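Dear colleague,

Please find below the structure that I am handing over to you.

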Amino acid sequence: MTVKLNKKAFGHAKRLIRDGKTVKDVRDDWSEHAPSAEDENKFLEKNGYGEYSEWYLGVDDEHPDEQKGHYKFPCGDFKKIHRCAVISAESRAAQYDHDDIREALGQLLERIDAD
């Protein structure tokens, strides 16, 4: 599995943080705040994979672009960036040695906490 940083999503997340579209929650909140599979499917049906991809900091090139499995490390709920999602994803990226993704998530967390 080759997972790499999704630069498009990283830019999207930075813009959302800059525009104040964040939820400053705590780490353990992500299990409650994460979109359900049904929410993901509705978003995909309405917006397509182009917009869907903007919410995932990692891409797995072992899966096709138009498959949910291609997208890893969610950072929000399709409306706002969630601090809890960023923290959770940063931990998982570190666990699996995805250093570029971990570093990008660390930068996002710094931006969220700076506000």
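Please note at the outset that this is a predicted model. I begin with Glu-40 and the residues around it. Leaving aside neighbours within four places in sequence, Glu-40 is in contact with Pro-35, Tyr-52, Tyr-56, Lys-68 and Phe-78. Glu-40 itself belongs to helix 3, which covers residues 37-52. With a relative accessible area of 17%, Glu-40 counts as buried, because the cut-off for that class is under 20%. As for Tyr-56, its side chain makes a polar contact with the side chain of Glu-40, at 3.0 Å.

Phe-78, which is among the contacts of Glu-40, deserves a separate word. Phe-78 is placed in the loop that runs between strand 4 (71-74) and strand 5 (81-82). Its relative accessible area is 12%, and Phe-78 is therefore buried under the 20% cut-off.

Most residues other than glycine have a negative phi. Phe-78 is not a glycine, yet it has a positive phi of about 75 degrees. Asp-97 is likewise a residue other than glycine with a positive phi, here of about 60 degrees. Asp-97 sits in the loop between helix 4 (83-95) and helix 5 (99-114). Is Asp-97 buried or exposed? Asp-97 is exposed, because its relative accessible area of 60% lies over the 50% cut-off.

Helix 5 consists of 16 residues and reaches 22 Å from its first C-alpha to its last, which is close to the 22 Å expected at 1.5 Å a residue. The buried residues in helix 5 include Ile-101, Ala-104, Leu-105 and Gly-106. Leu-108, Leu-109 and Ile-112 of helix 5 are buried as well.

Finally, I turn to the cysteines. How many disulfides does a search of the whole structure find? The search finds 0 disulfides. Cys-75 is in no disulfide, and the nearest cysteine sulfur, that of Cys-84, is 11 Å away. Cys-84 is in no disulfide either, its nearest cysteine sulfur being that of Cys-75. Cys-75 is buried, at 0% relative accessibility. Cys-84 is also buried, with a relative accessible area of 0%.

With kind regards

Technical notes: Residues numbered from 1 in each chain as written. Predicted model: local features only at pLDDT ≥ 70, side-chain atom pairs only at ≥ 80, totals over all residues. Heavy atoms only, no water. Helix = DSSP H or I, 4+ residues; strand = E, 2+ residues; numbered from the N terminus. Buried < 20%, exposed > 50% of the residue type's maximum accessible area, 1.4 Å probe, protein only. Polar contact = N/O pair within 3.5 Å; in protein donor to acceptor, adjacent residues only side chain to side chain. Contact = heavy atoms within 4.5 Å. Expected span 1.5 Å × (residues − 1). Disulfide = S-S within 2.5 Å.
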